[in-house]
Structures are given as C-alpha cells and as structure tokens.
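This report describes selected features of secondary structure and packing.

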Amino acid sequence: MPLTRQTPLTELPGVGPARAKKLEKLGLGTMGDLLDYLPQRYEDRRECCALRDAPADRPCCVSVLVAETPRISYVRRGLTLVKVKAVDGTAVVNITFFNQDYIREVLRAGESYVFYGTVERQGNLFAMTNPVFEREGAARFTGLIMPVYPLTAGISNNLLAGLTRRAVDECLDGLPEALPAQVRKNHQLCQTQYARKNIHYPADFEALSIARRRLVFEELFVLTCGLAQLKDRRSQGAGRVLPGEPEEFAALLPFSPTGAQRRAMDDIAADLQSGKAMNRLVQGDVGSGKTAVAAFGAWAAAKNGVQCALMAPTELLAEQHARTMEALLAPAGVRLALLTGSVKGKEKKALLAALAAGEIDLVVGTHALFSQGVEYRDLGLVIADEQHRFGVAQRAALAEKGGAAPPHVLVMSATPIPRTLALIIYGDLDVSVMDELPPGRTPVSTFAVGEGKRQRMYGFVRKQVQAGRQVYIVCPSVEESGDLPQWGELSAAPMDLKAVTTYARELQEKVFPDLRVGFVHGKLKSKEKEAVMSAFAVGGLDVLVSTTVIEVGVDVPNASLMIVENAERFGLSQLHQLRGRVGRGKHESFCVLVTSSRSETARERLKALCATNDGFQIAEEDLRLRGPGDFFGKRQHGLPQLKVADFAADMELLKEAREAAQELVAADPGLKRPAHRLLKKKVRELFEENGALFS
C-alpha cells in the first residue's frame with residue numbers, strides 16, 4: 001500500500017506504540033508532519049578523507065577498519081568510557097565514546113565503518129570523540145548533506161532522518177501549491193516540491209538556499225495575509241462614534257502634552273469618530289507619557305456615555321494605573337473603579353452590580369476584567385497595557401465583551417521595536433509611535449563596570465540611600481544553581497551568576513547590615529510579591545534585589561539607582577526597560593551594568609546602551625546583534641510560531657513578502673478567488689492553531 005501524507009507513522013516499520021508516543025511529543029503523527037518538520041542545521045558528510053589528510057578545523061567522514069574489540073571503563077558513577085582503535089592505510093585513530101555503553105556491542109573488530117566527526121591530532125596519533133558512524137557498504141547518510149533535527153528523549157537523529165527520507169521519497173507527488181503562480185513568478189520562487197525535498201536533503205548548498213528562500217517567503221506571506229485579513233475585517237466592522245477633542249482634554253491636564261502625545265491623541269480621536277472599530281497600538285519608550293494618552297481615550301468614552309476597561313499585566317500595575325487615572329480623570333467627573341483578585345465578597349459583588357448598571361465609567365484591573373461573571377452595560381473601549389503580553393488571540397477575545405457593537409481597542413507597549421518588525425508583530429493594528437519624552441525627565445546616566453569596581457559601587461549604593469533615595473539590584477537568576485561557585489566574601493573574584501535569594505541575604509548580612517534589603521522574584525506567590533513591591537513603593541525598603549519581574553512594574557519616583565548584575569546575560573531592549581525603572585522623579589538617576597565578560601560582542605552591546613537613551617535606536621541595535629527573541633521572551637507576542645523564518649536574518653525577504661501579501665489581500669480581501677483557495681486554507685490553519693479564528 002503506497003504511503004501518503006495522511007499515513008500514520010505507526011504504519012512504518014520500527015514505529016510501535018512507545019516510539020509513536022515519543023514522536024507525538026515532537027508533533028509528528030503522519031508522513032505529512034514529517035515533511036513539515038524542518039532541520040535545525042546540517043552536516044556536510046560529502047567529504048571522505050584519509051586519516052592523515054583529515055582537516056583539523058571541521059568534521060569530515062573517515063572510512064576505517066575497527067582493529068580491536070571495544071573496551072569499556074567505569075570512570076566514576078554516571079560516567080563510562082568506551083574506547084576502540086581503528087585504522088586505515090595511512091594512520092591509527094583512537095575513538096572514545098562517553099556514556100554510550102551499547103557501542104561495545106555494535107562495533108565489531110575486523111569490520112569497516114564510516115565515522116563522521118572531527119579528527120584531532122595527538123602527536124603521531126589521531127583521535128575522535130563521540131563520532132556518529134555507519135557500517136561501510138550499508139551507509140545511508142554518508143556522501144550527502146545530512147539534516148539534523150530537533151529531538152526528544154528516545155528519538156535519535158538517524159531514526160528521524162530515516163523516516164523523513166521516506167516521506168521525501170514517497171509523499172511529495174501532488175503536494176499542493178499554496179502560493180499563487182504569479183506570486184512565485186514575480187518573486188522568483190521555486191515550486192513547493194523542490195523546496196520540501198531540498199530543505200530536508202539538499203543536492204548542494206545552493207539548492208538548500210533556494211529551498212529555504214521559498215519556504216521563508218511562504219511562511220511570512222501566509223502570516224501577513226492573515227494579519228492583513230484580520231486588520232481589513234476589523235476596519236470594516238462598524239464602531240461606535242465617540243467624538244472628543246484632544247484640545248478640550250488637554251485643558252484638563254496639569255501639564256502641557258508633548259508633540260508625540262498630541263499626535264497619538266489625534267490618531268485616537270480620528271479612530272473614535274470614524275464609525276469603524278479602532279484597533280490601535282500606542283508604542284512609546286519608557287516614560288513617554290502613554291498613560292495620559294490612554295486617559296484621553298477613557299475620557300472620550302465616558303463623555304459619550306460608554307464604558308472603558310483598562311487591563312494591566314499585574315495587580316500592582318493595575319493599582320498604579322488606577323491612581324494615575326483617578327488623578328487625571330476625577331476632575332472631569334469620570335467614575336472609576338479598581339477590579340483585581342484582591343477585591344472579594346460584598347465589595348466585589350457591589351462593584352460588579354455597578355459595572356453592569358453603567359454606574360462605573362472606567363474600570364481598571366487585570367485579565368479578570370474579561371472573566372466570566374463580569375458584565376458591562378455598554379463597553380465601548382478596551383485598553384490593554386504592555387501589549388506584547390496579550391497576543392492576537394487575546395485581542396480577538398476582548399472584542400466579545402462589547403455585545404452587538406465591538407468595543408474600540410487601544411493597546412500600549414513600552415517595548416520599543418524596530419519599525420519593520422513592528423509592521424509584522426502588530427500587523428493587525430494601526431501603530432502610533434511616541435518617540436518624545438515629557439520635559440523634566442532627566443536622561444539616566446549609564447555606566448558599564450567590571451568586578452574590580454564592586455566595592456566602589458557598594459559605596460555609591462550607600463551614598464544614594466543616605467541621600468534618601470532607593471536602589472534596585474537586578475539578578476539573572478532566582479536561586480543558586482549547581483554551576484554557581486560557593487558564595488564567599490563579596491569582594492572576592494568574579495562570580496559566575498548572581499542569584500536573587502542568596503545575593504539578597506549576603507547583601508543584608510555582610511554588606512548593608514544597617515539598610516533594609518528585600519527581594520522579589522517570579523517564583524514567589526502573588527501576595528508575597530505584591531507585599532514586597534508595595535513596601536518598596538512606599539519607602540519601606542532601601543534596596544530591592546529582584547529578577548526582571550520589576551521590568552514592567554511599579555512606579556517609584558524615589559528610586560534613583562538601577563544596578564544590573566551579569567548584564568551581558570540580558571538583551572539591550574530588556575536592559576533599557578530595566579533602566580526605565582529609575583529616573584521617574586526629580587532626582588538625578590543612574591544605571592550601573594556589572595559584567596565580568598571579556599566577550600567583544602558583550603562589550604559592544606553594553607557600550608551601545610551607555611551611549612544613548614533612545615529606546616528605538618537601542619532596539620535596532622539589539623535586533624542586529626541578537627535577533628527578535630529578546631523583545632518578546634517566550635512567544636509573548638502571540639503570533640503563530642515561525643518554523644523557518646528568522647525576523648532578523650530575513651528582514652529583506654520579510655518586507656518583500658509583506659508587500660506581496662498586502663497587494664494580494666487588497667485585490668481579494670476574503671481570498672475567495674479559486675486560485676487562492678489553498679492559500680486561504682493555509683492561513684486559516686495557521687491562525688486557528690493560535691486562537692484567532694477566520695470565517
């Protein structure tokens with residue numbers, strides 16, 4: 001019976017129930033899944049050398065005869081070595097395998113094998129460590145560019161490569177072509193069968209490049225088609241008309257808005273009066289005044305008799321927003337309430353009743369604002385803070401609370417992102433960029449120091465506290481791990497990794513016994529975390545030792561010094577966010593980046609941060625040096641996960657695919673033409689996996 005893309009892997013020899021379960025962990029259940037499971041790298045096994053001629057700087061294949069029965073030795077508990085001697089016509093090679101006892105039974109003296117690995121010279125002898133091998137004459141993966149796949153326990157690369165080889169050999173015929181022929185022609189893209197074959201088993205590296213270009217383009221094209229459809233659908237949706245003049249609102253403020261704030265308010269005012277549902281992102285650097293812009297939206301909603309909900313990622317941030325909004329909006333008669341997990345019993349019941357009756361104009365809280373049991377009389381505007389924590393699917397879910405007419409949606413982010421990347425990440429939103437700081441905000445002075453300046457830095461901490469200020473110290477880890485040195489005198493040699501819990505105790509006991517030192521990290525229970533952060537906010541602590549949990553955190557104008565330990569372990573955008581925790585008051589503020597790294601790249605990155613306070617410039621540099629992962633952490637952006645494209649490396653192709661997708665969706669918004677049927681199916685599958693539904 002011929003294999004098809006729908007054939008379950010259990011029908012293949014060697015894939016029983018236990019192995020099938022392990023393959024399922026990798027998302028592999030059918031032959032089609034194998035075709036979609038792409039290698040993470042490749043090994044060039046085309047070069048076969050004599051031992052004497054083997055290159056010293058890269059792996060190669062050597063064909064040798066095993067000259068003796070492998071010997072096993074037990075070095076210590078948990079470590080075994082299998083050693084074997086092999087020869088060819090030019091030299092002898094000693095081969096060592098770590099913790100691979102089965103090798104003793106597999107390699108047989110007197111038989112020839114092809115080993116792939118790096119051949120090291122040891123005087124007149126040669127050595128290899130943990131090479132992969134095949135019996136000569138029965139080799140499947142010698143003489144080709146070998147794909148190396150992401151694996152899981154119990155699944156070897158040879159097994160996966162063998163299964164994929166069958167999928168490539170037998171299941172590519174009739175593979176559906178999702179990209180329209182004209183798009184392929186315009187952008188000089190190969191056919192899907194060629195791409196799939198050569199991404200797994202490339203004829204050469206040029207074929208691999210052609211295949212990868214096609215698959216990257218297709219992935220980005222499908223993604224941007226979906227986002228363009230979402231944006232188009234939302235812009236077609238009728239929205240409440242909520243007139244409100246920014247100038248009238250600005251007159252209520254105790255300060256004069258910046259040009260960037262005014263431009264963002266104008267954008268929002270135009271959206272609210274357009275008759276279409278607003279879906280706008282206000283992207284602004286730390287301290288650029290996004291809250292006042294959001295307050296304008298809430299004021300316009302209340303002025304027109306509809307409700308507004310402002311969602312923050314943490315209770316502490318929700319409380320902070322509530323205080324700020326109260327100060328800005330109460331004079332205009334806006335009725336505000338705070339709804340978090342801490343509101344319980346009769347108080348919560350009364351609040352929910354008032355919300356349902358329309359007696360509350362603005363409710364501030366966490367994601368609980370949209371949980372079951374929370375009803376609104378007429379929800380007209382949803383504001384989400386720190387947008388990158390709420391993805392495409394969450395934005396779609398928010399709209400459901402608005403009843404017949406979907407609420408306007410305004411999302412805010414303090415994570416500066418290069419414009420090209422923002423066009424993809426926020427492809428379903430209109431973007432307002434706030435690139436100007438309010439007057440009076442003093443730029444934070446930033447310095448990178450080595451371990452040799454530690455005692456001087458501690459003296460500076462004490463000086464700041466004596467002046468009445470407070471200090472943040474951020475560490476990269478929560479607890480001491482096995483690879484950490486024993487904690488000795490803090491003035492000693494550089495330590496590998498600062499850990500919050502141990503370091504806070506050391507600081508309190510040995511360095512600052514007379515100061516009030518607290519610590520906070522993500523593993524603490526919410527109530528404990530909130531209590532420590534609140535204590536710091538009201539001045540109950542002098543020094544707060546923390547992980548990046550404070551990156552998006554409470555506003556403490558009295559904090560004037562941010563110290564980041566092991567700064568080379570953080571991305572530039574993340575360091576910039578951390579730096580934004582200080583300089584929020586009238587006091588001169590400082591950021592000290594501590595590193596013992598001698599890496600040239602690490603030094604270059606930290607130097608870039610010391611040179612500028614412009615978050616967008618830093619973001620561009622971070623994208624160049626590290627790629628996009630640092631902006632979002634683990635998939636916080638809510639986009640479908642990309643399998644082959646790399647936002648940083650494929651930026652030019654990203655622009656090309658985006659323009660092509662926008663052009664196609666503009667001509668056929670619903671992808672209803674027969675030629676676009678398979679493309680529409682692919683878009684739907686991609687987004688439905690991630691919760692954003694398409695009709």
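## A covered strand and its sheet

Strand β17 is buried on both faces, with His408, Leu410 and Met412 on one side and Val409, Val411 and Ser413 on the other. Buried denotes under 20% relative accessible area, exposed over 50%, and partly exposed in between, with a 1.4 Å probe and protein chains only. The model is predicted: local features need pLDDT of at least 70, side-chain atom pairs count only at pLDDT 80 or more, and totals for chains, interfaces and linings use all residues. Residues are numbered from 1 along each chain as its sequence is written, and side-chain values use heavy atoms, leaving out hydrogens and water.

Helices (H or I, at least four residues) and strands (E, at least two) are DSSP runs, numbered from the N terminus. Two strands count as paired if DSSP finds at least two bridges between them.

| Partner of β17 | Sense | Bridges | Residues opposite |
|---|---|---|---|
| β12 (residues 279-284) | parallel | five | Asn279 and Val409 |
| β16 (residues 379-384) | parallel | four | Ala384 and Val411 |

These strands belong to an open sheet of seven strands with parallel pairing, in the order β14-β15-β13-β16-β17-β12-β18. Because β14 (336-339) and β18 (430-434) stand at the edges with a single partner strand each, one side of each has no neighbour in the sheet. From one strand to the next, the twist averages 20°.

## Helix α12 on the sheet

Helix α12 (residues 345-357) lies across β13 (307-311), β14 and β15 (362-365), and runs at about 130° to β14. Axes are lines fitted to C-alpha atoms, for helices over the stretch in contact, and angles run from 0 to 180 degrees between N-to-C directions. Within α12, Leu351, Leu352, Ala354 and Leu355 are buried. They lie on the same side of α12 because they cover an arc of only 160° around the axis, the arc being that of the directions from the helix axis to the C-beta atoms. The buried residues of α12 pack against β13, β14 and β15, where contact means heavy atoms within 4.5 Å. Gly345, Lys346 and Lys349, on the other side of α12, are exposed. Just after α12, Gly358 adopts a positive phi of about 80°.

## A helix pair

The axes of α18 (residues 572-579) and α19 (residues 600-611) come within 10 Å and cross at roughly 40°. In this pair, Leu572, Leu575, His576 and Arg579 of α18 meet Arg605, Leu606, Ala608 and Leu609 of α19.
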